[in-house]
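Reader: I've got a structure open and I'd like to learn how to read a few of its features. Can you walk me through them?

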Amino acid sequence: MNQLPFTEDTIIFGLLCLCLGFVFYTSSIKKGFWKKFYAIVPTVLMCYLLPAILASLGIVKEETSNTYYIASRYLLPAALILMTLSIDLKAIFNLGSKALIMFLTGTAGIVIGGPIAILIVSIFSPETVGGSDFDAVWRGLATIAGSWIGGGANQAAMLEVFQYNPEKFGGMVLIDIVVANIWMAIILLGIGKSKQIDKWTKADTSSIEDLKKKVTEYTEKIARVTSLHDFMMMLFYAFTGVGIAHLLGTHFAEFLEANFEVIRNKEKILSSLGSKFLWMVVFATAIGIGLSFTKAKNYEGAGASKIGGVFIYILVATIGMKMDLGRVLENPGLIAIGLIWISIHAGLLILVAKLIKAPYFFLAVGSQANVGGAASAPVVAAEFHPSLTSVGILLAVFGYVVGTAGAYICALLMEVASQM
């Protein structure tokens, strides 16, 4: 008989589906406690938190599980293809420049937030931000900056550039995961209050609403009872596309590394463009956009984006499983740096959103395109509406491009701050 924690992926996946089923069943109850509960807590946040509770209680063990890998490498690209089948590129471009402004604001918040957090913590706990040579804390925090502006590839680049002690790197990964996941939970919580937030910022959401309305009307026009033939064709488009995206992404990344020193050398700013995951996501999105110009677009009427939504929620559950709530206070000093750092990022985003009257959608996706990258930015965007998924992807790609450069500047500023 299996003993806790469960390590078999078949059991873990079953438990994740149990969590998802519980959330969607209870959220469908339109009276009593559950109606009041889900009026405050979004379903997507619950789909994220329940697996986190399982991991925190030691019921499942994420470290030995391949569920996140499978969800991010198989289901995420499939979801991107299915959710971009009905995309309207012209309407996306009509969203304007505020999405890019909020993304760059999020990047600036990470760049200046790191050194400011070090200065604040050094006042009451100088040993927390100390260390010498390759044990210097600022070197480790540089890897977090890489992760929060771009992603895993940028984080690896910063580790390579600043040569932080590998034995202590695990602690930085913990801070990265804990703080980023706390922030993502807050972002998801805000989605349920987005109308109130938009009212407070006096945001003009007309372009977003027009896009959602246009896609909804198109979906209703082509809606039909889904047949087995429809399901098989959507399976064909989605997972053949996934295979092609992996093939092209892998070979393109290898081609870039083989032919460009600036990408092959991990100490160079553009080295993160050698990420196979990045190019897999880019090619999957391109395939979806390409299909939107063909008759495949009509499969939206058979529920293409809904199937994509199923895949996204499974991904959300696997991301949640990475969050061990019990480890939040394991290293309070460094966690404090992370929380102050992300608070500066959040504060700057809120300030600029208020000044330029940007919708909460742009704040949420702009932030996650930095902190979460290509895995979570589309998740947050899709929670607003499937038609907006591509906005999250495009901004996440920008994150990979500017990630290493932004993190490098942030690291230099943190070095200066740690010596003051």
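Predicted model: local features only at pLDDT ≥ 70, side-chain atom pairs only at ≥ 80, totals over all residues.

Reader: Where does T67 sit, and is T67 buried or exposed?

Author: Buried means under 20% relative accessible area. T67 has 7% relative accessibility, so T67 counts as buried. T67 is part of helix α4, which covers residues 67-83.

Reader: Which side chain does the side chain of T67 make a polar contact with?

Author: That of S65, at 2.8 Å.

Reader: Okay, now helix pairs. How do I read the packing of α7 and α17?

Author: Two packed helices are described by the angle between their axes and the distance between the axes. Here, helix α7 (residues 137-149) and helix α17 (residues 360-371) pack at about 135 degrees, and their axes are 4 Å apart. Angles over 145 degrees count as roughly antiparallel and 65 to 115 as roughly perpendicular, so α7 and α17 are oblique to each other.

Reader: Which residues meet there?

Author: From α7 you have S147, W148 and I149, meeting A369, N370 and V371 of α17. By class, that contact has four nonpolar, two polar and no charged residues.

Reader: What about M172: where is it, and is it buried or exposed?

Author: M172 lies in helix α9 (residues 166-191). Its relative accessible area is 1%, so M172 is buried. Beyond neighbours within four places in sequence, its contacts include V137, G140, L141, T143 and I144. M172 and V137 are 35 residues apart in sequence, with 9.2 Å from C-alpha to C-alpha.

Terms used
Residues numbered from 1 in each chain as written. Heavy atoms only, no water. Helix = DSSP H or I, 4+ residues; strand = E, 2+ residues; numbered from the N terminus. Buried < 20%, exposed > 50% of the residue type's maximum accessible area, 1.4 Å probe, protein only. Polar contact = N/O pair within 3.5 Å; in protein donor to acceptor, adjacent residues only side chain to side chain. Axes fitted to C-alpha atoms, helices over the stretch in contact; angles between N-to-C directions. Parallel < 35°, antiparallel > 145°, perpendicular 65-115°, else oblique. Contact = heavy atoms within 4.5 Å. Nonpolar A, V, L, I, M, F, W, Y, C, P; charged D, E, K, R; others polar.
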